[in-house]
Amino acid sequence: MRNNTVDLLQSHRSIRRYTDKPIPKVILEEILTSAQWAPSSHHVQAYSIIVVDDQEIKKILSEVAGSQRYVAECQVFLVFCADFYRLSLASEMWDTEFEVDEVENLLVAGVDTALAAENALIAARSYGLGGVMIGGIRNNPERVKELLGLPNYTIPIMGMCLGYPNQEPWQKPRTPKEVVVHYNQYLPKEKIIEGLELYEEISSDYYKRRTNGARQEGWTKQMAQYLSNPRRVHLKDFIKKQGFNFE
Ligand SMILES: Cc1cc2nc3c(=O)[nH]c(=O)nc-3n(C[C@H](O)[C@H](O)[C@H](O)COP(=O)(O)O)c2cc1C
């Protein structure tokens, strides 16, 4: 049984080309307020959003993100940071210990940040905007920190390009629901493999059609390649430098 919200959610696709039309301030404010209405673990609200509408800063961020042109071209670029800085100030205000060095806190902040980001994207889409999240800002978090003046206990997690869509990309097929959703018990390995084989066919077909045959591999092969090398190993040091002293 469909409704408008479900239609919006199920028509998601990342948008990487935008028209020149600016985002009205009132709409941007609604997007940001909607982000803040995401639920938050223990209500810590461990995130901040940096609104970047300065063309020079967007340009530099687009380079930092691995020359992703849409970061410079979008109307507004939002940087979502995991943020325990405000919480450190709350501890200071009450002169209490600030025990932040737990993996739990990193998960809490990461989840809070992602929930706020997705709320923002959905709110934006409800106004006819489109966007794409950008993990590329983690390529050089030091540079992002310097550029945006991020204090201790903050970690840039993802960016988000927003603008009015100037493209209508196909939707990317998802993993068959049968092997993502489990009822009461996790599925046996054979079932998962079956689903993966089916998905390899579906996704390979999608990439072949989308690229006129230039790209053949489906999702399982792409992911196997993706995970065959460590990624962004510098993050561990950056996170430590930001004040999270994990072992
Ligand atoms: C946290 C996060 C980071 C992402 N980073 C990038 C990125 O740096 N560049 C990019 O083009 N897309 C990025 N994406 C978009 C994904 O590639 C995209 O969501 C995925 O391929 C599925 O496609 P769809 O969103 O069109 O359904 C990111 C998505 C997420 C959730």
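User: Where is the place of Arg-17?

Analyst: The model is a predicted one. Helix α1 covers 4–10 and helix α2 covers 25–36. The place of Arg-17 is in the loop between α1 and α2.

User: Is Arg-17 buried, exposed or partly exposed?

Analyst: Buried means under 20% relative accessible area and exposed means over 50%, with partly exposed in between. The relative accessible area of Arg-17 is 41%, so this residue counts as partly exposed.

User: Which residues does Arg-17 touch, not counting residues up to four places away in sequence?

Analyst: Arg-17 and Gln-68 are 51 residues apart along the chain, while their C-alpha atoms are separated by 11 Å. With residues up to four places away in sequence not counted, Arg-17 touches Arg-69, Tyr-164, Pro-165, Asn-166 and Gln-167.

User: Is strand β4 mostly covered or mostly open?

Analyst: Strand β4 spans residues 154–163. Ten of its ten residues are buried, and the strand is mostly covered.

User: In which sense do β3 and β4 pair?

Analyst: Strand β2 (residues 76–83) is joined to β4 by eight bridges, and these two run antiparallel. In that pairing, Met-158 of β4 is the bridge partner of Phe-80. Strand β3 (residues 130–134) has five bridges to β4, and Gly-130 has Gly-163 of β4 as its bridge partner. The sense of the pairing of β3 with β4 is antiparallel.

User: How are α3 and α7 oriented to each other?

Analyst: Helix α3 (residues 55–64) and helix α7 (residues 141–148) have axes 10 Å apart and pack at an angle of about 170°. Angles over 145 degrees count as roughly antiparallel. The two helices, α3 and α7, are therefore roughly antiparallel.

User: Which residues of α9 make the contact with α8?

Analyst: By class, the contact of α8 with α9 has four nonpolar, three polar and two charged residues. On the α8 side it is made by Leu-196, Tyr-199, Glu-200, Ser-203 and Tyr-207. The α9 residues are Trp-219, Thr-220, Lys-221 and Gln-222.

User: What is the phi of His-43?

Analyst: His-43 is found in the loop between α2 and β1 (47–52). At 57% relative accessibility, His-43 counts as exposed. Most residues other than glycine have a negative phi. His-43 is not a glycine, yet its phi is positive, at about 55°.

User: What is the relative accessibility of Asp-95?

Analyst: Asp-95 lies in the loop between α5 (85–93) and α6 (103–126). Its phi is near 50°, a positive value in a residue other than glycine. Asp-95 counts as exposed, with a relative accessibility of 72%.

User: How far apart do the C-alpha centres of domain 1 and domain 2 lie?

Analyst: The protein is divided into domain 1 (7–167) and domain 2 (177–225). The distance between the C-alpha centres of domain 1 and domain 2 is 29 Å.

Key: Residues are numbered from 1 along each chain as its sequence is written. This is a predicted model: local features need pLDDT of at least 70, side-chain atom pairs count only at pLDDT 80 or more; totals for chains, interfaces and linings use all residues. Side-chain values use heavy atoms; hydrogens and water are left out. Contact means heavy atoms within 4.5 Å. Helices (H or I, at least four residues) and strands (E, at least two) are DSSP runs, numbered from the N terminus. Ala, Val, Leu, Ile, Met, Phe, Trp, Tyr, Cys and Pro count as nonpolar, Asp, Glu, Lys and Arg as charged, and the others, Gly among them, as polar. Domain bounds come from an automatic or database domain assignment. Buried means under 20% relative accessible area, exposed over 50%, partly exposed in between (1.4 Å probe, protein chains only). Two strands pair if DSSP finds at least two bridges between them. Axes are lines fitted to C-alpha atoms, for helices over the stretch in contact, and angles run from 0 to 180 degrees between N-to-C directions. Angles under 35 degrees count as roughly parallel, over 145 as roughly antiparallel, 65 to 115 as roughly perpendicular and the rest as oblique.
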